[in-house]
Amino acid sequence: MKASFGKVSRLPLGIPFTTTMVVLLWLIGLATGSLWSGPSGALLDKVGFGFDQALRGQWWTPFTSTFWSGGLAQYLGNTVLVAVLCGFAERHLSTVRTMSVFLITQVLGTTATAVIVIGSGADEWWSADLLSAVEVGPSAGAVGVAVAATSALSTVWRRRLRLILLLAVIMLALYVGSLIQLSQVFAALIGLALGMLTVRKSAEEPSPPSRGEARLLVALAVAASAVGPLVAAVSQTASGPLSVFQYLLVGSQPDPGFVDSTCADPGALVECRRLRAEVRMSGLGSALMSVVPVVLLLVLAEGLRRGRKFAWWATMALNLALVGLGSVLLTSYADEPSPRSTVD
């Protein structure tokens, strides 16, 4: 027991960058009074990253945003992310390399989010609210350096961890779609490239996955596709291009009078579109029925992991059926009155 306690007590000394990041995050939050509800409006405008900050030429915000979080829950979540992901990277890379990759992926990931999404038009695929959003947090760098560190692992674990990390950030970006989630995707891709270029590979020759390994990878992908709508339903600020599927899991239906009065206002087109989606997709029956595909996909994912042929064919059939239903929804929307746009 004494030996185990000694190892735990020495752990922060073995990952000095990770320990420093966690301590700085909490000390700066405490000193600026940001722990409970995040930085104040004026401070957030100066240190947070967003589209407006990029357009105003506040080049420092991708770096300064690293040292704050949006409230107590985010402080706790970011602490876990930094401790686990950066700690994992620092155990497999040098401290200097971990710090360098973390900062590069954090800065480039947040910058790419602002520049690319501004250039492509956020209101076409993501919520137009992102144009005025301002975010803080070190999660992009944590994801980026963890993806880079997978290059130091054996072939099997490299594939597994890369798939898990990339699926997680892509799913969050598509279903939640906040600036933080988008920056994590860019940071992960940049970290993947940096890892391939800079991390010394082991002597093990890369080989194609075995049959059991391939089954596990496919099962993980299917499970991620099943969890996405649940994540969108739980999130209170989901704005990704697939976030509309959260309404499949909402049991309450908006008041018809409120829907009519909202849609009568020409300035409330976005809210009208959201309420109409809720009317079509909500209700107890819809909620119960919508959970069935999620449960089936999770069960089939386990069947795929075990190598069941029936699970493979059933997964293909279920996904084709879902694509068909999605196509029906898209074509039936042509009969809806205005608004009509690319978003619709």
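How many helices and strands does the secondary structure of the protein chain come to? The count is 16 helices and two strands. Helices (H or I, at least four residues) and strands (E, at least two) are DSSP runs, numbered from the N terminus. This is a predicted model, in which local features need pLDDT of at least 70 and side-chain atom pairs count only at pLDDT 80 or more, while totals for chains, interfaces and linings use all residues. Residues are numbered from 1 along each chain as its sequence is written, and side-chain values use heavy atoms, with hydrogens and water left out.

**Figure 1. The whole protein chain.** Of its 344 residues, 41% count as buried. Buried means under 20% relative accessible area, exposed over 50%, and partly exposed in between (1.4 Å probe, protein chains only). Accessible areas come from the Shrake-Rupley method with a 1.4 Å probe; for residues, only the protein chains shown count as cover. Among contacts between residues at least 6 apart in sequence, 80% join residues at least 24 apart. Contact means heavy atoms within 4.5 Å.

**Figure 2. The largest nonpolar core.** This core has 41 residues. A nonpolar core is a set of buried Ala, Val, Leu, Ile, Met, Phe, Trp, Tyr and Cys residues joined through side-chain atoms within 4.5 Å. C86 and F102 have the most contacts inside the core. Two or more residues each come from α2 (16-31), α6 (72-92), α7, α9 (139-149), α10 (155-175) and α11 (179-198). Beyond its neighbours within four places in sequence, C86 contacts F17, T18, L81, T98, F102, A142 and V145. A second, separate core holds eleven residues, including L300, A301, A314 and L318.

**Figure 3. Q106 in helix α7.** Q106 sits in α7, which covers residues 95-120. Q106 counts as buried because its relative accessibility is 1%. Residues up to four places away in sequence aside, Q106 touches P62, S65, T66, G137, P138, S139, A140 and G141. The C-alpha atoms of Q106 and V143 are separated by 8.8 Å, although these residues are 37 apart along the chain.

**Figure 4. Q53 in helix α4.** Q53 lies in α4, residues 51-55. With a relative accessible area of 1%, Q53 is buried. Its contacts, leaving aside neighbours within four places in sequence, are D45, G48, Q58, T61 and V134.

**Figure 5. Helix α10 and its end.** α10 has 21 residues and reaches 30 Å from first C-alpha to last, close to the 30 Å expected at 1.5 Å a residue. The expected span is 1.5 Å times one less than the number of residues. Buried residues of α10 are T155, R158, R162, L165, V169, M171, A173 and Y175. G177 follows α10 and has a positive phi, near 75°.

**Figure 6. A nonpolar patch on the surface.** V218, W312, W313 and M316 form the patch, with about 450 Å² of accessible area together. Helix α16 (residues 309-332) gives the most to it, with three residues. V218 is in helix α12 (residues 211-234). V218 counts as partly exposed, at 33% relative accessibility. Patch residues have over 30% relative accessible area and no salt bridge; like charges are joined within 9 Å, nonpolar side chains (Val, Leu, Ile, Met, Phe, Trp, Tyr) within 5 Å. A salt bridge is a side-chain nitrogen of Lys or Arg within 4 Å of a carboxyl oxygen of Asp or Glu.
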